[in-house]
Amino acid sequence: MTRLKLPLILECLLFFVPLNIYIIGNHMANGVQWAFFRYQQSSLGNSLILVYKDIHYVADSLLTGSSAYGTIIWVSGAGLLFIALIILAIAFATDNPGLAKPAGGLTIVAGALFFIAMLVEYGPLFANEHGSSIPVGIPLVIGAGIWLLAGDFEDEDEELVESTTS
């Protein structure tokens, strides 16, 4: 029996952690962004913008320049985070703790892509004439990935059985 329940739960919780708090322009809008959606408030009203809408905005050239590049990078990070979750679910279902390390690596890369997306959009100080941003949950994503990559999720009983059979 492996100890993959906690890593799987943690990876699931990463989808509920706000990764980014942002302000657009001179307080024209502000919002909170998760991996697959964002909630935005503006003078036009409140919006829940799902990731497929962001992809649509880029494909239809409604977002251009650094906003489009940042969105593409963010969506790539969200995709990798989802793939890491699938890998951990498979690891849990098949009792294969060896899959935790690849999932951890993907989680780290996803967190790095989220961070790079913010750098592309807002610059190295996370503030420019287009707005500002605070990467609140991104360190948690990278930290969770490091924990998965460095963790040993084998049960001691399995290690004893493996050492006595060799």
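1. Start with Tyr39. Setting aside neighbours within four places in sequence, Tyr39 is in contact with Tyr22, Asn30, Gly31, Val32, Trp34, Asn46 and Ser47. Bear in mind that this is a predicted model. Tyr39 belongs to strand S3, which covers residues 37-42.

2. On spacing, Tyr39 and Leu50 lie eleven residues apart in sequence, and their C-alpha atoms are 8.8 Å apart in space.

3. Now the helices. H4 (residues 100-122) packs with H5 (residues 138-150) at an angle of about 160 degrees, and their axes are 7 Å apart. The pair is therefore roughly antiparallel, since angles over 145 degrees count that way. H4 passes H5 in a left-handed crossing.

4. Who makes that contact? On the H4 side the residues are Ala100, Lys101, Ala103, Gly104, Gly105, Thr107, Ile108, Gly111, Ala112, Phe114, Phe115 and Met118. H5 contributes Ile138, Val141, Ile142, Gly145, Ile146, Leu148, Leu149 and Ala150. By type, the contact of H4 with H5 has 14 nonpolar residues, five polar and one charged.

5. H5 also packs with H1 (residues 5-13), again at an angle of about 160 degrees, with the axes 11 Å apart. That angle makes H1 roughly antiparallel to H5, and H1 passes H5 in a left-handed crossing. The contact is made by Leu6, Pro7, Leu10 and Glu11 of H1 together with Ala144, Trp147 and Leu148 of H5.

6. Next, the largest nonpolar core, which has 26 residues. Which members touch the most others? They are Leu19, Ala35, Trp74, Leu81, Leu88, Phe114 and Ile138. The elements giving two or more residues to this core are H3 (65-94), H4 and H5, and H3 supplies the largest share, seven residues.

7. Leu81 deserves a look of its own, as one of the core members that touch the most others. Beyond neighbours within four places in sequence, Leu81 is in contact with Glu11, Leu14, Phe15, Ala35, Thr107, Ala110, Phe114 and Val141. Ala35 and Phe114 are also among the core members that touch the most others.

Key:
Residues numbered from 1 in each chain as written. Predicted model: local features only at pLDDT ≥ 70, side-chain atom pairs only at ≥ 80, totals over all residues. Heavy atoms only, no water. Axes fitted to C-alpha atoms, helices over the stretch in contact; angles between N-to-C directions. Helix = DSSP H or I, 4+ residues; strand = E, 2+ residues; numbered from the N terminus. Parallel < 35°, antiparallel > 145°, perpendicular 65-115°, else oblique. Left-handed = near helix turned anticlockwise from the far one by under 90°. Contact = heavy atoms within 4.5 Å. Nonpolar A, V, L, I, M, F, W, Y, C, P; charged D, E, K, R; others polar. Core = buried A, V, L, I, M, F, W, Y, C linked by side-chain atoms within 4.5 Å. Buried < 20%, exposed > 50% of the residue type's maximum accessible area, 1.4 Å probe, protein only.
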